[in-house]
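Here is a quick tour of a protein model. Have a look at the fold before reading on.

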Amino acid sequence: MKTDFFYGGIEAGGTKINCAIGDGPNNIVAETRIPTTTPNETVAAVITFFRAYQAQYPLQAIGIASFGPVDLNPHSPTYGYITSTPKPGWANVDLMGAIKQAFNLPIGFDTDVNGAALGEYRWGAAQGLNSFIYLTVGTGIGGGGMFNGQLMHGLVHPEMGHIPIPHDRQRDPFAGVCPYHVDCLEGLATGPAMEKRWGTRAENLPIDHPAWDLEAHYLALAMHTFVCMLSPQRIILGGGVGSHPNILRRVRKQTQTTLNGYIHAAEINEHIDAFIVAPGLGNRAGVLGAIALAMAAGSN
Ligand code: ZN
């Protein structure tokens, strides 16, 4: 260990919570994975993990990158809460408050995808950029990122997984799975949507199965919207489905097709391999992003 400064990272997901202590991808001194059960049980296990290392690796700050929706407004009475999630037991949970109370340290709090975006900015595929998107496609679809050097927040935070998507019901009669919008992007293209549509888990679909072209079609329509709306310098595509080897190449090609040469940028028309990319930090983007949130909070 080459430094005296340690940071705690909490990547809170709907099925598991990844916790780590360190200060970057090459310097993680402890980590663990905790199943997401009830809020009380899960938060207690997170606190126990960090307390076990408190003497050995005293923390400067803790970062939380959480599934949501979450309240990111520091002036709100429910700042740091998970708000309206459909996940049973987790709506209106004061996640940040529970960690703050246990450790009394500076806490960085953001969405899971903004956390991952900050990790990619610091150490991964978004280094040197000031406007980019991090989109994860797995059991859900979420997007965050930076705009002009600031993590995207706005009124609440972006919900890129819930944009409406043109749905050709002749090509794809499947209704969709979003409990709020039925056939939004998440409703049509999330892992559970693929499983329900095709009757088998996405990772078991063969490479030549039409599922992959349809999936790439929906993701390319989303890319089209994001490119036109936010003009990102790069889009990082992560998550279990998003990082599947069958997806990236198809999404790039179909994004070029749907944009049809309109955007005047060689990055899209000639070098799209470097424009839509996999996370530089792989599946550790989330927990490293939480550490990056801690480092940002600790330096304030
Ligand atoms: Zn939706």
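What follows covers a metal site and then the nonpolar cores.

This is a predicted model, in which local features need pLDDT of at least 70 and side-chain atom pairs count only at pLDDT 80 or more, while totals for chains, interfaces and linings use all residues. Residues are numbered from 1 along each chain as its sequence is written, and side-chain values use heavy atoms, with hydrogens and water left out.

Let's start with the zinc ion. Its protein donors (N, O and S atoms within 2.8 Å of the metal, or 3.2 Å for Na, K and Ca) are His162 (ND1), Cys178 (SG), His181 (ND1) and Cys184 (SG), at 2.1 to 2.4 Å. The site is tetrahedral, with angles of 103 to 120° among the 4 donor atoms; that label requires all angles to lie between 85 and 135 degrees. Along the sequence, the spacing of the donor residues reads H-x15-C-x2-H-x2-C.

Here is how three of them sit, where buried means under 20% relative accessible area, exposed over 50%, and partly exposed in between (1.4 Å probe, protein chains only).

| Residue | Relative accessible area | Class |
|---|---|---|
| His162 | 22% | partly exposed |
| Cys178 | 5% | buried |
| Cys184 | 2% | buried |

On to the packing. A nonpolar core is a set of buried Ala, Val, Leu, Ile, Met, Phe, Trp, Tyr and Cys residues joined through side-chain atoms within 4.5 Å. The largest has 36 residues, and Leu135, Leu185 and Leu237 touch the most other members. Another core, of 31 residues, lies apart from that one and includes Ile17 and Val70.

Technical notes. Tetrahedral: all angles 85-135°; square planar, octahedral: opposite > 155°, others 65-115°.
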